Amino acid sequence: MRWTPLLVVLSLPLPAAAQLRVDIEEPHAGVVDGPVVSLTATVSDPAVRRATLVVNGAAYDVPVELGRVAQQIVAIPGNNRVALLARQGGQTARDSLTFHYRGPPMELVVLLTWPSQGEIVDLWVREPGGETCKWDHRDTESGGALLDFSSDAIGFGSQGYTLPEVSAGTYRIKIHYWGAWGDDDQRGWYSYDGLLSSLDSVETRLRTASGMTRSQLMREASQLRRQVDRWAEPVAPQTPVHAEVILFPGTPHERRWRFDRVVQRTGQLVTLGEIEVTDVMIRAAR
């Protein structure tokens, strides 16, 4: 009888995937200076490109560059809770801490965030007295201030507005979308109405035209329809932005609003929403 050699294959265990870790380096737990606080953290896997930062319940995406996160966050008087979450390959890692800010009262905080790279977005807050806090007017007579929380406020950006003492009235939250990736959008809002008017005029004349005139008008109408179709196509990534508004933060009278919008037109100025602060609310909180 002939024997066939028996091949024995040893099943060796595969190396386990490294455990994903997130470590917040600063701020430290305890008392810190504010109201703008630096946050730095490490993510163990350098392939991770974004993480979720949660500050006092407001969550937004932040960039991870070579395993590091560096952001500015706004602190409210009293205890502040911060968490950072990262996900990769089915793993989720997080780190969190609580720090205390002994600062003056802060009655209104607006946080604007957007998760897209290469976008330039500005927060505008119109106060009840008519004054608007924005990029070229960062401090108002009532004490409102505009703050940049990312390093350059371009890409994975965040901006904030803080007001130590609110007044009764309407606060209007706006965003100004400065630009998209690469080339600016050269098509103003006016051009769309102009294209539709021209197309309507040509189609009206087509009803009675004949011969060479009709052929020329048909070519003109076809060209106008293509222009209308091109105008309707997005010229930039659709950028989701959201604003978190906190009134009387960290107090028993705290109230929150969240406003979301998608923008994509260069130069677009959009009202995200309004909040109404009444004398009754102010008396109750103070």
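**Notes on the predicted model**

1. The protein chain exposes about 16,100 Å², and carbon and sulfur atoms supply 52% of that area; accessible areas come from the Shrake-Rupley method with a 1.4 Å probe, and for residues only the protein chains shown count as cover. Please keep in mind that this is a predicted model, where local features need pLDDT of at least 70 and side-chain atom pairs count only at pLDDT 80 or more, while totals for chains, interfaces and linings use all residues. Residues are numbered from 1 along each chain as its sequence is written, and side-chain values use heavy atoms, with hydrogens and water left out.

2. On the overall make-up, the protein chain has three helices and 17 strands (DSSP runs numbered from the N terminus: helices are H or I with at least four residues, strands E with at least two). Of its 286 residues, 43% are buried (under 20% relative accessible area; exposed is over 50%, partly exposed in between, with a 1.4 Å probe and protein chains only). Among contacts (heavy atoms within 4.5 Å) with a separation of 6 or more, 65% link residues 24 or more positions apart.

3. Now to a sheet: three strands form an open one in the order β1-β3-β6, with antiparallel pairing (two strands pair if DSSP finds at least two bridges between them). Because β1 (22-26) and β6 (68-74) each have a single partner strand, they stand at the edges, and one side of each is left without a neighbour in the sheet. From one strand to the next the twist averages 30° (axes are lines fitted to C-alpha atoms, and angles run from 0 to 180 degrees between N-to-C directions). Four bridges join β1 to β3 (residues 36-43) in the antiparallel sense, and D23 stands opposite T42 in β3.

4. The largest nonpolar core has 30 residues, of which L108, L112, Y161, V166 and I173 touch the most other members (such a core is a set of buried Ala, Val, Leu, Ile, Met, Phe, Trp, Tyr and Cys residues joined through side-chain atoms within 4.5 Å). Elements giving two or more residues to this core include β9 (108-113), β14 (169-179) and α3 (279-285). Another core, of 27 residues, lies apart from it, with A58, V82, A93 and Y101 among its members.

5. A closer look at T52, in strand β4 (residues 50-55): its side chain makes a polar contact of 3.5 Å with that of D61 (a pair of N or O atoms within 3.5 Å; within protein, one must be able to donate a hydrogen and the other to accept it, and residues adjacent in sequence count only if both atoms are side-chain atoms).
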